[in-house]
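Student: I'd like to go through the strands and sheets here. Can you put the model up?

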Amino acid sequence: MKKLILIMAVLPTIASFAQNQKPIHYPETKKGETIDQYFEAKVADPYRWLEDDRSAETAAWVKAENKVTYGYLDQIPFREALKNRMEKLWNYEKIGAPSKEGNFTYYSKNDGLQNQSVMYRKDASGKEEVFLDPNTFSKDGTTSLGGIDFSKDGSKVAYAISEGGSDWRKVIIMDAISKKVIEDTLIDVKFSGLSWRGSEGFYYSSYEKPKGSELSAKTDEHKLYFHKLGTAQKEDRVIFGADQKRRYIGGYVTEDDRYLVISAANSTYGNELYIKDLTKQDSPISTIVDNFNSDNSVIDNEGTKLFIETDLNAPNKRIVTADATNPSPSNWVDFIPETENVLSPSTGGGFIFANYMKDAVSVVKQYDYSGKMLREIQLPGLGSAGGFSGKKKEETLYYSFTNYTTPGTIYSFEAKKGKSAVYQKPKVDFKSEDFESKQVFYTSKDGTKIPMMITYKKGVKLNGKNPTILYGYGGFNVSLTPSFSIANAVWLENGGVYAVPNLRGGGEYGKKWHDAGTKMQKQNVFDDFIAAGEYLIAQKYTSSEFLAIRGGSNGGLLVGATMTQRPELMKVALPAVGVMDMLRYHTFTAGAGWSYDYGTAQDSKEMFEYIKGYSPVHNVKAGTHYPATMVTTGDHDDRVVPAHSFKFTAELQEKQTGNSPVLIRIDVKAGHGAGKSLAATIQENVDIQAFTLYNMGFKELPKLK
């Protein structure tokens with residue numbers, strides 16, 4: 001097998017390289033005179049004009065910045081070698097877990113380097129055919145499949161498409177048997193599932209079209225609709241949200257078609273829960289939970305008996321049962337009580353699967369519907385397992401298993417016997433046995449123990465000279481569990497170290513862990529990340545000259561805050577699609593819904609001062625030598641609008657001292673990340689790694705051997 005081997009340059013060469021970098025001539029970014037008042041404080045916002053994503057001035061700035069960025073990247077001598085290796089490694093067949101709908105079995109498949117995976121199906125005889133090919137949705141691969149749901153009998157299907165990475169979707173309705181479109185396309189659908197009621201129609205959610213920019217204007221009044229087949233979208237009934245203003249509303253129908261379950265929320269944590277009996281005409285919507293103090297969902301039912309997943313009085317979550325005729329929390333009965341590990345359940349084959357996180361690693365237990373634990377499922381190793389879901393009558397379920405050195409493998413699972421077998425193992429040109437992951441626990445600033453997974457090639461020398469990527473997120477109850485990545489595999493092959501700490505703000509240890517990284521405790525997240533970097537340096541995995549920090553979205557904020565607080569800690573900073581202007585994040589799209597984690601500058605003077613104290617845009621200081629930085633974003637990102645990245649970049653370019661580059665790489669016709677074409681994904685990862693290694697002092701890579 002050919003390998004791309006990274007040879008460490010000697011230190012004098014690296015020093016010489018750093019000194020000889022030529023200053024970059026950035027586009028001139030004009031400064032306005034906008035000033036906002038927060039309580040008694042006045043805050044300048046000179047780059048407010050970059051928030052206008054529809055202006056010719058902003059478009060010209062984007063074009064000029066990309067010209068500088070790609071001009072810089074084009075000069076990196078080993079960039080093409082990295083791309084060749086990444087393409088070769090990515091070029092393997094990928095097959096998804098199958099599901100049965102009506103008389104067909106459906107599954108996704110990618111031959112290797114297709115921009116989007118194709119949906120296939122087989123009939124009872126095993127004859128295979130293409131069902132949906134998203135590669136035909138657009139010539140450049142920027143339109144993707146954003147969700148799909150079949151009617152209960154499998155005869156009808158509704159699927160959503162995303163254009164240019166936008167969260168706004170179009171929904172297309174087909175006869176699943178003939179594959180013919182049977183209705184007009186639904187438009188302006190956002191943050192929505194699709195859930196059929198029999199075969200008469202389906203539920204979906206959306207906002208009113210915002211005034212101003214579709215990509216950046218605030219959207220905060222979500223509604224749940226029912227689309228009845230044979231009617232126009234303008235006739236769709238509002239089921240929930242007409243009278244109650246909520247930012248996020250979703251509805252789904254239980255497998256037996258008996259109940260519509262409705263979730264309503266104003267923030268990314270905490271939801272009301274409602275239920276409607278679909279077997280009774282004009283039945284009322286009944287309340288299960290009437291506040292936003294806990295996360296709750298109905299995972300299944302047996303007749304009127306509901307199975308509810310909740311963290312109410314159970315920070316690590318539990319499953320309770322309640323009768324649908326009187327489902328309030330006072331009547332809940334524990335079914336699977338809370339444990340010391342965080343629970344994430346699923347159902348399938350007539351069983352309930354309790355997937356626990358134990359120090360960010362999966363442990364799965366199988367229960368019957370009487371509450372009896374049948375077995376702990378023997379997983380292939382330490383890593384992340386997901387799946388174990390399907391219809392109640394299915395005899396065979398499927399699950400995936402992966403970790404940082406093991407490509408995702410799909411296993412079949414005989415639910416009654418508890419037996420697993422390999423269903424699809426990818427053939428990746430990567431020698432997993434040459435690499436290892438180690439979990440360590442390090443101490444953060446306030447004494448809290450934080451787990452971190454460190455992955456590297458066996459035999460790595462702890463000499464402080466290994467190029468290292470420290471990746472983090474730390475927010476919104478999101479858990480970072482072990483998973484394989486082709487881009488990371490290339491990094492590891494080149495002698496790189498990849499480290500992932502499980503920061504506070506995430507969900508690895510339940511609600512208490514999440515809350516410990518929110519609002520006035522957000523600094524804990526940055527302290528945890530900084531302590532991870534200091535640990536890697538102290539243990540000589542790397543040094544400040546060879547450390548890069550990386551994160552996206554809330555993780556982009558993490559990188560932005562860390563590099564402005566401790567610019568000397570790392571050599572390279574890689575903030576992606578980050579929330580960088582913390583004083584104004586809530587004024588864009590659905591940003592106000594993030595206030596559970598962040599709070600807002602309007603909440604109180606104390607909160608304003610706290611947020612301003614770490615907001616990346618407001619903490620770039622003149623005369624500071626910041627690390628080599630490449631900000632990445634997409635011009636169609638309507639989740640975290642690109643203005644965050646634009647303003648942060650403008651501040652850095654103006655105030656950077658020294659020759660370390662500050663670049664912004666803006667993908668065109670791309671959004672927050674979902675649905676991005678494979679070609680664009682590969683090129684972005686190539687550019688990130690090339691930029692990182694180049695700024696760590698590596699001038700060349702040896703020829704492939």
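Tutor: One definition before we start: two strands pair if DSSP finds at least two bridges between them. Also, this is a predicted model.

Student: OK. In what order do the strands run in the open sheet with β13, and what is the pairing sense?

Tutor: The order is β13-β14-β15-β16, so defined by pairs with at least two bridges. The pairing in this four-stranded sheet is antiparallel.

Student: Which are the edge strands there?

Tutor: β13, residues 195–197, and β16, residues 237–240. Each of them pairs on one side only.

Student: And how many degrees are neighbouring strands turned against each other?

Tutor: On average 40 degrees in this sheet, with direction ignored.

Student: How many bridges join β15 to β16?

Tutor: Three, and the two strands run antiparallel. β15 covers residues 222–228.

Student: What is the bridge partner of Tyr-225 in β16?

Tutor: Val-238.

Student: Switching to the sheet with β29. What is the strand order?

Tutor: β29-β30-β31-β32, an open sheet of four strands with antiparallel pairing.

Student: Why is one side of β29 and of β32 left without a neighbour?

Tutor: β29 (384–387) and β32 (419–424) stand at the edges and each has a single partner strand, so one side of each has no neighbour in the sheet.

Student: What does the twist average there?

Tutor: From one strand to the next, 35 degrees.

Student: Over how many bridges do β31 and β32 pair?

Tutor: Five, in the antiparallel sense, with β31 spanning residues 406–414.

Student: Which residue of β32 stands opposite Ile-410?

Tutor: Gln-424 stands opposite Ile-410.

How values were computed
Residues numbered from 1 in each chain as written. Predicted model: local features only at pLDDT ≥ 70, side-chain atom pairs only at ≥ 80, totals over all residues. Heavy atoms only, no water. Axes fitted to C-alpha atoms, helices over the stretch in contact; angles between N-to-C directions.
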